[in-house]
Amino acid sequence: MDKHSVYRTNVIGAGEVGSAITVDMDKSSIHKTNSSFWDTKGNDVLGATALPLYGAFVSEEKCQLFGDVSGKKVLEIGCGSGHSLQYLGERQASELWGTDISEKQIEKTTQLLTSNGLSAKLICSPMEEACGIPEDYFDFVYSVYAIGWTTDLEGTFSMIASYLKKDGAFIFSWSHPIHKCVVAENDMLVFKKCYFDESWYSVSLGDSTLSLSDRKLSTYVNALSKAGFVIEEMIEQSDEEIMQSQNSDFAKKAKMLPVTFVIKARKL
């Protein structure tokens, strides 16, 4: 990846990062950077977001997007440390599958599920690439704060549609693009990044580096439509009870604008 000398403020997680460098989009380089990030410092830097939480201040226990998963086949895109698979496994999902770009994350998932008497079919692969996942097979495909790492959103959504049975559901969450543009400054919320800027950038966090792109909501919606999905529900609002339980600047920001979005879409 050739780096350009373009620096901008950016938001990663709940904090502001000022050293984001615009980079060329090269799939192999981005995959290498991000798999290394999650193999080493990923969880230490960004933590782990997992069900029942979809992200900051949004909960499955309140939203009930899955409903009853007993007897259902589920596939997680970006399974991370495995806690979301554990959550659904303990609710009697019949088959657990997961993919992740990081070998270390796959190992963590295996260890967690085994220690809790559960098992899953896990595949280490970028979500954009064919990796042996069966087609027309799953009742649910889902992704909790992972789908935004893809280098090919339309291709990824098309592959996810192929994995689902007819009328199967795709549920995913990600950091809200408005949140990624706005920072708290002198008790005010200030735009520091253009909402329409979807260029790829690289961020150094300590001795780790990650690469991302902040896509518009319309980019996600249009990619879903192109892949043959119909949107059933979209959640932007933060849960008031969760916000009230946290007295932080991040919670105060969440009262003013969405920091997480969740979409449930149905395969036609």
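Tutor: I231 counts as partly exposed, because its relative accessibility is 32%. Keep in mind that this is a predicted model.

Student: Which strand is I231 in?

Tutor: I231 sits in strand β14, which covers residues 229-235.

Student: And what does I231 make together with V221 and M234?

Tutor: V221, I231 and M234 make a nonpolar surface patch of about 190 Å².

Student: Staying with β14, where does E232 lie and where does K264 lie, and what joins their side chains?

Tutor: The side chains of E232 and K264 meet in a salt bridge, at 4.0 Å from N to O. E232 is in strand β14 and K264 is in strand β15 (residues 260-267), so the pair ties together parts that are 32 residues apart in sequence.

Student: Are those two buried or exposed, or something in between?

Tutor: E232 is partly exposed, with a relative accessible area of 44%. K264 counts as buried, because its relative accessibility is 12% and the cut-off for buried is under 20%.

Student: How many salt bridges does the structure hold?

Tutor: There are 12 salt bridges in the structure. Some share partners, and in this way K180, K193 and D214 are joined into one network.

Student: What about K104, which residue does it pair with?

Tutor: K104 forms a salt bridge with E107, and their closest N and O atoms are 3.5 Å apart. Both residues lie in helix α5 (residues 103-115), three residues apart, which is about one turn of the helix. K104 is partly exposed at 34% relative accessibility, and E107 is partly exposed at 39%.

Student: And E185, what is its partner?

Tutor: E185 forms a salt bridge with K192, with the closest N and O atoms 2.8 Å apart. E185 is partly exposed, with a relative accessible area of 33%. K192 is also partly exposed, with a relative accessible area of 33%.

Student: Change of topic. Which residues touch the most other members in the largest nonpolar core?

Tutor: That core has 37 residues, and V141, I147, F157, I160, F170, F172 and F229 touch the most other members. Helix α6 (residues 153-163) gives the most to this core, with six residues.

Student: Take V141. What does V141 touch, leaving out residues up to four places away in sequence?

Tutor: With those left out, V141 touches L75, I77, I160, Y163, L164, A169, F170 and I171. Apart from this core lies another, of 23 residues, and its members include L65, V69, L96 and L113.

Student: Now the strands. How do β12 and β13 pair?

Tutor: Strand β12 (residues 200-205) and strand β13 (residues 208-213) pair in the antiparallel sense over six bridges. One of the partners is L212 in β13, which is bridged to Y201. The two strands form a hairpin with two residues between them, and G206 in the turn has a positive phi of about 65°.

Student: How many residues of β12 are buried?

Tutor: Five of the six residues in β12 are buried, so the strand is mostly covered.

Terms used
Residues are numbered from 1 along each chain as its sequence is written. This is a predicted model: local features need pLDDT of at least 70, side-chain atom pairs count only at pLDDT 80 or more; totals for chains, interfaces and linings use all residues. Side-chain values use heavy atoms; hydrogens and water are left out. A nonpolar core is a set of buried Ala, Val, Leu, Ile, Met, Phe, Trp, Tyr and Cys residues joined through side-chain atoms within 4.5 Å. Buried means under 20% relative accessible area, exposed over 50%, partly exposed in between (1.4 Å probe, protein chains only). Helices (H or I, at least four residues) and strands (E, at least two) are DSSP runs, numbered from the N terminus. Contact means heavy atoms within 4.5 Å. Patches are made of residues with over 30% relative accessible area and no salt bridge: like charges are joined within 9 Å, nonpolar side chains (Val, Leu, Ile, Met, Phe, Trp, Tyr) within 5 Å. Accessible areas come from the Shrake-Rupley method with a 1.4 Å probe; for residues, only the protein chains shown count as cover. Two strands pair if DSSP finds at least two bridges between them.
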